[in-house]
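Student: I am new to this structure. Please take me through one part of it closely.

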Amino acid sequence: MTLVVQLGLKFQQIDYTTAFAQAELLPGEEVYMSLPQGWEQTGKVLKLTKSVYSLVQAPSAWFTKLSQGLKEA
């Protein structure tokens, strides 16, 4: 970090754990999950708008978001 300041470079930091968990799903992709245990409403599902760790789509959604951010920088 000292070199960044000395050389006048731009510095950005990313929390990869949070970024991975909070990545938006890819456009046109709909993912539903059943309610967690303990919820009393039966026969209902949740529509996800963000990725979660256990989703197969999580790495793809995270990489897409990361790629877009790097291209904009």
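How many salt bridges does the structure hold?

Tutor: This is a predicted model. It holds one salt bridge. The partners are glutamate 30 and lysine 47. Their closest N and O atoms are 3.8 Å apart. That counts, because the cut-off for such a nitrogen and a carboxyl oxygen is within 4 Å.

Now place the two partners. Glutamate 30 sits in the loop that runs between α2 (16–22) and β1 (31–34). Lysine 47 belongs to strand β2, residues 45–48. The pair therefore ties together parts that are 17 residues apart in sequence.

Next, look at how open each partner is. Glutamate 30 has a relative accessible area of 51%, so this residue is exposed. The cut-off for exposed is over 50%. Lysine 47 has 48% relative accessibility, so lysine 47 counts as partly exposed.

Stay with the loop for a moment. Proline 27 also lies between α2 and β1. Its relative accessible area is 80%, so proline 27 is exposed. Now turn to alanine 61. In sequence, proline 27 and alanine 61 are 34 residues apart. In space, their C-alpha atoms are 9.5 Å apart.

Leu3, Leu7 and Leu9 make a nonpolar surface patch of about 340 Å². Leucine 7 lies in helix α1, which covers residues 2–7. With 60% relative accessibility, leucine 7 counts as exposed.

Key: Residues numbered from 1 in each chain as written. Predicted model: local features only at pLDDT ≥ 70, side-chain atom pairs only at ≥ 80, totals over all residues. Heavy atoms only, no water. Patch = residues over 30% accessible without salt bridge, like charges linked within 9 Å, V, L, I, M, F, W, Y side chains within 5 Å. Areas by Shrake-Rupley, 256 points an atom, 1.4 Å probe, with all protein chains shown as cover. Salt bridge = Lys/Arg side-chain N within 4 Å of Asp/Glu carboxyl O. Helix = DSSP H or I, 4+ residues; strand = E, 2+ residues; numbered from the N terminus. Buried < 20%, exposed > 50% of the residue type's maximum accessible area, 1.4 Å probe, protein only.
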